[in-house]
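This briefing is intended to be read alongside the sequence and the three-dimensional model. It begins with the chain as a whole and then turns to individual elements and residues.

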Amino acid sequence: MRTLLIHNAHTIATQNDTLGELRHASIFIRGNRIEYVGPATDVPPEALQADEVIDARHHLVTPGLVNTHHHMYQSLTRAIPEVQNAELFGWLRGLYPLWAGLTPEMVQVSTQIAMAELLMSGCTTSSDHLYIYPNGVRLDDSIEAAAEIGMRFVATRGGMSVGQSQGGLPPDRVVEKEDFILQESQRLIAQFHDASFGSMLNVALAPCSPFSVSRDLMRETALLARSFKGQGVRLHTHLAENDHDLAYSREKFGCTPTQYAQDLGWLGPDVWHAHCVKLDDEGISLFAASRTGVAHCPCSNMRLASGIAPIRKMLNAGVPVGLGVDGSASNDAAHMVNEARQALLLARVGRAMQPPEERTLPNGERKTFFGCDLGPAEMTARDVLKVATCGGAQVLGRSDIGHLAVGMCADLVLFDLNTLGFAGGAVHDPVGSLLLCASPQADTTIVNGKVVVRKGHLETVDLGPLMERHNKLALQLVKNAI
């Protein structure tokens with residue numbers, strides 16, 4: 001098996017509680033597994049004869065970042081003028097007619113554009129929520145694109161079955177029959193889902209949202225996923241994203257979104273929900289007790305004015321939380337370090353806006369905290385890096401990624417500290433400066449032991465022609481909808 005040595009790194013932020021942060025350290029990789037993490041002076045002799053040695057003296061090394069929520073096809077509809085200032089429901093109504101024109105080629109190309117952006121910002125594993133299937137589009141199109149570009153992938157088979165004529169949000173022409181959605185879901189799991197350690201491809205089931213599918217489809221999907229016992233087939237959807245989402249749930253179902261999810265079997269350690277901006281205290285308690293995960297999407301929540309998700313409350317309660325860039329048309333980017341930075345800053349602003357709160361100190365004393373008391377400490381740089389790595393891995397049900405240790409999959413990122421964004425910051429705190437000072441591109445991204453980004457350049461696909469093709473398809477998609 002091919003060997004790789006990341007040698008004498010300035011800093012390795014392992015995100016492993018035992019190893020912590022290491023200085024002047026090395027990582028030795030054989031095949032797709034890590035064989036050594038520790039002081040550069042103690043590397044095994046054979047490591048110095050590795051097939052490839054990367055000099056990391058001026059680099060910060062982290063685990064590969066993990067993206068827990070995306071709609072990659074939306075890369076084709078970034079910054080559409082008509083919806084730049086819309087909230088969620090208006091934004092969706094404006095874009096559904098465009099997305100109705102998607103083709104298999106468009107899905108393949110936009111998936112690779114989204115993945116290229118993720119990989120070049122240090123993300124090595126991503127989920128994608130594809131829930132619209134017009135004109136012969138299949139989830140297979142995304143899966144093929146991911147295999148070519150070299151990203152670890154959680155492909156989710158979404159779907160919409162309740163159109164406007166039945167009280168749903170999407171136009172009738174973009175919904176599918178529920179029997180077909182379930183049949184396709186079963187086919188995809190049987191054909192593609194790999195539950196083994198180090199798997200490059202998982203399939204999850206993901207009806208789009210409470211306002212676009214029926215209760216029956218939600219229940220049947222949960223039963224189908226769990227019928228694959230021991231295979232780790234997970235469940236995903238949008239939940240409690242904004243006030244309109246909350247109002248829809250109360251009007252149509254007579255309950256909160258969390259109560260709706262609980263009633264349908266959509267709470268549990270095999271489930272993660274996107275956004276959860278409007279999750280109340282009861283909801284947080286139910287998520288924590290059931291170990292239900294959350295994909296926190298700060299940039300999208302800000303862009304659509306959905307609100308500030310109570311992430312610190314979730315983390316304190318024990319809710320698994322990861323980061324998601326969400327759809328490229330509601331972000332409008334897929335830069336994972338920038339997403340982490342926004343999560344850091346938004347949590348601090350959110351704390352400053354909170355009413356007074358009674359807390360029990362470690363010594364048992366009760367004290368009233370005001371928003372400003374914990375503003376800057378509400379989310380630290382190291383907190384958010386943990387969410388972007390270990391947290392994402394937990395949310396996606398992966399025990400083989402998310403931190404750096406012997407035996408783990410070799411997914412890691414090198415950031416060059418001798419670049420402009422780190423100047424004056426990395427000399428004091430390389431890890432803190434990654435989140436506070438810069439939104440850097442990755443110098444080197446390694447997925448499953450293979451270098452996918454080298455010196456800031458994507459190795460697996462030719463990005464220039466891909467972007468040109470993507471832009472032509474983006475214009476074609478809009479033109480065909482007029």
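What percentage of the 482 residues in the chain do buried residues make up? In this predicted model, the buried share is 60%. The chain contains 14 helices and 19 strands. Its radius of gyration is 22 Å, close to the 23 Å that the globule rule gives for 482 residues, so the chain is as compact as a globular protein of that length.

**Overall dimensions, contacts and surface**

- Taken along the principal axes, the box filled by the C-alpha atoms is roughly 70 × 60 × 45 Å.
- Of the contacts between residues at least 6 apart in sequence, 75% join residues at least 24 apart.
- The chain exposes about 18400 Å², and carbon and sulfur atoms supply 52% of that area.

**Nonpolar cores**

- The largest nonpolar core has 121 residues, of which W91, L92, W99, L102, M314 and L458 touch the most other members.
- Helix α2 (residues 104–119) gives the most to this core, namely nine residues.
- Beyond its neighbours up to four places away in sequence, L102 touches Y73, L76, I132, P134, N135, V137 and L477.
- A second, separate core consists of 21 residues, among them I29, L404, M408 and L412.

- Helix α8 spans residues 281–290, and its buried residues are G283, I284, F287, A288 and S290.
- The cover over these buried residues includes the strands β10 (235–239), β11 (271–275) and β12 (293–296), together with the helices α7 (257–263) and α10 (311–317).
- After α8 comes R291, which has a positive phi near 60°.

**Partly exposed helix residues**

- G94 belongs to helix α1 (residues 88–99).
- The relative accessible area of G94 is 36%, so this residue is partly exposed.
- Although G94 and E82 are 12 residues apart in sequence, their C-alpha atoms are 7.3 Å apart in space.
- R215 is located in helix α5 (residues 215–227).
- R215 has a relative accessibility of 26% and therefore counts as partly exposed.
- Apart from neighbours within four places in sequence, R215 is in contact with F253, Y260, D263 and L264.

**A buried strand residue, N67**

- N67 is part of strand β6 (residues 65–67).
- With a relative accessible area of 0%, N67 is buried, because buried means under 20%.
- Not counting residues up to four places away in sequence, N67 touches L118, C123, T125, S126, S127, L323, G324, V325, M336 and L396.
- N67 and T125 lie 58 residues apart in sequence, and their C-alpha atoms are 6.2 Å apart in space.

**Backbone geometry to inspect**

- Most residues other than glycine have a negative phi, and most peptide bonds are trans.
- The peptide bond that joins N331 and D332 is cis, with omega about -5°.
- D332 is placed in the loop between β13 (321–323) and α11 (336–352).
- Q15 is not a glycine, yet its phi is positive, at about 60°.
- The loop that holds Q15 runs between β1 (3–13) and β2 (21–30).
- Is Q15 buried or exposed? Its relative accessible area is 11%, so Q15 is buried.
- H275 is likewise not a glycine and has a positive phi, of about 85°.
- H275 is found in strand β11, and its relative accessibility of 0% means that H275 counts as buried.

Definitions and conventions: Residues are numbered from 1 along each chain as its sequence is written. This is a predicted model: local features need pLDDT of at least 70, side-chain atom pairs count only at pLDDT 80 or more; totals for chains, interfaces and linings use all residues. Side-chain values use heavy atoms; hydrogens and water are left out. A nonpolar core is a set of buried Ala, Val, Leu, Ile, Met, Phe, Trp, Tyr and Cys residues joined through side-chain atoms within 4.5 Å. Buried means under 20% relative accessible area, exposed over 50%, partly exposed in between (1.4 Å probe, protein chains only). Helices (H or I, at least four residues) and strands (E, at least two) are DSSP runs, numbered from the N terminus. Contact means heavy atoms within 4.5 Å. The radius of gyration is taken over C-alpha atoms; the globule rule is 2.2 Å times the number of residues to the power 0.38. Accessible areas come from the Shrake-Rupley method with a 1.4 Å probe; for residues, only the protein chains shown count as cover.
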